[in-house]
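Have the model open in your viewer and follow the stops in order. Each stop says what to select and what is there.

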Amino acid sequence: MFNGNNSLTLATGISSVQINATVGGTTAINAFAVNAPLLIGASISTVAAQTYSSAIIINNNDLAVPVKTLTSGGTNITFSSTIDGTSANSQNLTIVNAGGSVTFNAPVGSTTNLSNLNIQHNSLITHLPTRESQYDSLLKVNRISMGLMSGHAYLNDPKRLAFTLARYK
């Protein structure tokens with residue numbers, strides 16, 4: 001377990017990274033960034049930004065903690081590559097962001113669908129498909145839920161997000 005007033009960066013040059021113990025569980029770390037494929041088997045909690053530059057696979061290795069949670073206390077959570085499960089419709093991911101935005105720059109469930117995606121946020125959720133034909137591959141999950149923690153949610157493109165959520169809810 002990695003806790004406290006530190007930041008954790010896992011840099012390029014690593015073939016892949018596997019996290020099986022909670023990061024920031026007792027005391028949230030400052031920030032988290034990874035530039036290598038990541039297998040997430042535990043939750044990650046930060047005070048500030050989380051940046052995922054490579055593909056993520058949600059692992060179902062710990063049945064006692066079936067939902068992996070990514071929590072940011074105040075700034076952005078950015079996914080620059082795909083998010084997949086290890087077996088279809090079996091993994092659950094919760095994203096909690098008290099401030100800043102949650103940005104998906106690539107599909108969720110592109111090769112292996114997640115069972116549930118739950119997004120709890122305060123501000124902006126961004127999905128960035130460049131063409132309408134990409135909607136079919138943007139979010140492949142059995143169930144998606146979104147909730148406001150407080151305040152208002154502002155979506156960068158409500159028409160695209162509404163279409164995507166209606167199709168995959």
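**Stop one: a buried ring**

Select Phe 79. Phe 79 has a relative accessibility of 1% and counts as buried, the cut-off being under 20%. Bear in mind that this is a predicted model.

**Stop two: the aromatic cluster**

The structure holds three aromatic pairs. Show Phe 32 and Tyr 52, which form a tilted pair. Their centres are 5.6 Å apart, with 45° between the planes. Phe 32 belongs to strand β3 (residues 32-34) and Tyr 52 to strand β6 (residues 50-52), 20 residues apart. Both Phe 32 and Tyr 52 are buried.

Go back to Phe 79 and Phe 104 to see the other geometry. Their ring centres are 5.2 Å apart and the planes lie at 15°, so this pair is stacked. Display Phe 32, Tyr 52, Phe 79 and Phe 104 together: ring pairs link them into a cluster.

Centre on Tyr 52. Beyond neighbours within four places in sequence, its contacts include Phe 32, Val 34, Leu 38, Ile 40, Leu 70 and Phe 79.

**Stop four: the open sheet**

Switch to cartoon. Look for the open sheet of four strands, in the order β2-β4-β7-β10, with parallel pairing. Strands β2 (17-19) and β10 (83-85) stand at the edges. Each has a single partner strand, so one side of each is left without a neighbour in the sheet. The twist averages 20° from one strand to the next.

Zoom in on β7 (residues 56-58) and β10. The two run parallel and are joined by three bridges. Ile 57 stands opposite Asp 84 in β10.

**Stop five: a buried asparagine**

Finish at Asn 92, in strand β11 (residues 92-97). Is Asn 92 buried or exposed? Its relative accessible area is 15%, so Asn 92 is buried. Its side chain makes a polar contact of 2.7 Å with that of Asn 116. Leaving aside neighbours within four places in sequence, Asn 92 is also in contact with Ile 58, Pro 66, Val 67, Lys 68 and Ser 115, among others.

Note on methods:
Residues are numbered from 1 along each chain as its sequence is written. This is a predicted model: local features need pLDDT of at least 70, side-chain atom pairs count only at pLDDT 80 or more; totals for chains, interfaces and linings use all residues. Side-chain values use heavy atoms; hydrogens and water are left out. Two strands pair if DSSP finds at least two bridges between them. Axes are lines fitted to C-alpha atoms, for helices over the stretch in contact, and angles run from 0 to 180 degrees between N-to-C directions. Contact means heavy atoms within 4.5 Å. Buried means under 20% relative accessible area, exposed over 50%, partly exposed in between (1.4 Å probe, protein chains only). A polar contact is a pair of N or O atoms within 3.5 Å; within protein, one must be able to donate a hydrogen and the other to accept it, and residues adjacent in sequence count only if both atoms are side-chain atoms. Rings of Phe, Tyr and Trp (its six-membered ring) pair if their centres lie within 6.5 Å; planes under 30 degrees apart count as stacked, over 60 as edge-to-face and the rest as tilted.
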